Amino acid sequence: MALQGSGVAVRKVLSHFPDGLSLAFAYGSGLYRQAGPSADHENAMLDFVFTVDNPVAWHSKNLKKNWNHYSFLKVLGSKFITTVQNNYGAGVYYNPLILCDGRLIKYGVISTHILIDDLLNWNNLYIAGRLQKPVKIVAMNENVTLRSALDKNLKSAVTAAFLMLPESFSEEELFIEIAGLSYSDKSPEGQFTQLMTLPKTLQQQINHIMDPPGKNRDVEETLLQLAHDPDCADVVRLGLSAIVRPSSIRQSIKGIFTAGMKKSLIYSSLKLHKMWKGWLRKTT
């Protein structure tokens with residue numbers, strides 16, 4: 001459930017940044033109420049993602065407006081920042097631990113075309129994965145291709161979830177599977193149809209897992225075999241893990257440079273503290 005007044009707070013944040021956003025959304029514990037009596041909603045960081053058509057121009061404007069948001073990379077200019085953003089990690093440039101209107105925020109910037117590609121093909125499942133969970137859309141332009149890709153990403157997530165679920169399941173179980181990216185119509189024909197509609201990158205990862213060395217089968221042949229395999233769900237799960245884990249590691253390493261060493265250490269300590277509190281709640 002969204003916290004009271006959160007809509008006003010997130011819209012105010014946008015006023016501190018340049019325009020030209022094709023999509024802006026907020027997410028995380030600073031926006032949605034978390035379980036547990038010790039959850040500190042008021043002081044939780046607000047998380048944002050800004051999608052821009054022209055990242056060089058946007059970063060150039062943002063450097064003039066919010067120079068202190070950036071790490072040492074700012075001295076190299078908006079073109080270099082955009083190169084780091086697009087070519088390393090999961091295609092996102094994050095500025096964490098920013099004080100804005102009395103609240104700590106973190107915001108990531110991603111190019112529109114990179115986001116669309118991830119939404120359609122699940123290249124990284126980083127921002128596409130985030131958009132399968134609860135988010136608050138703060139701004140969105142009339143980009144028909146982007147809107148279509150957002151819909152396709154959600155349909156792909158539901159398809160993947162069906163491949164993982166038993167024949168009978170609740171609505172809550174469906175949402176949990178989608179939110180956790182633990183993505184079984186249980187007949188082989190039905191499973192094959194669903195497998196064929198999965199994003200391209202996930203199909204390729206499944207083919208890599210299933211294909212014996214030297215055989216070089218095409219993807220369709222592999223998916224047909226998998227549809228008849230009782231371990232279908234486990235293979236899909238392995239394929240998802242093969243996408244998510246490397247992109248998350250690359251993005252974390254990239255964060256050391258984009259946020260700077262000091263902010264990276266502070267941000268990491270806050271994440272560890274949050275994980276520790278969550279573990280304590282489970283054990284008490």
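How many disulfides does the structure hold?

1. The structure holds 0 disulfides. A disulfide is a covalent bond between the sulfur atoms of two cysteines. The model is predicted, and the count should be read as a property of that model.

2. The cut-off behind both assignments is a relative accessible area under 20%.

3. On the protein as a whole, 48% of the 284 residues are buried.

4. The secondary structure consists of 12 helices and 5 strands. One helix pair is described in the points that follow.

5. Two packed helices are described by the angle between their axes and the distance between the axes. For helix α4 (residues 112–121) and helix α6 (residues 144–164), the angle is about 30° and the axes lie 8 Å apart. Angles under 35 degrees count as roughly parallel, so α4 and α6 are roughly parallel to each other. Their crossing is left-handed.

6. Which residues make the contact between α4 and α6? From α4 they are T112, L115, I116, L119 and L120. On the α6 side, the contact is made by T145, L146, A149, L150, K152 and N153.

Key. Residues numbered from 1 in each chain as written. Predicted model: local features only at pLDDT ≥ 70, side-chain atom pairs only at ≥ 80, totals over all residues. Heavy atoms only, no water. Disulfide = S-S within 2.5 Å. Helix = DSSP H or I, 4+ residues; strand = E, 2+ residues; numbered from the N terminus. Buried < 20%, exposed > 50% of the residue type's maximum accessible area, 1.4 Å probe, protein only. Axes fitted to C-alpha atoms, helices over the stretch in contact; angles between N-to-C directions. Parallel < 35°, antiparallel > 145°, perpendicular 65-115°, else oblique. Left-handed = near helix turned anticlockwise from the far one by under 90°. Contact = heavy atoms within 4.5 Å.
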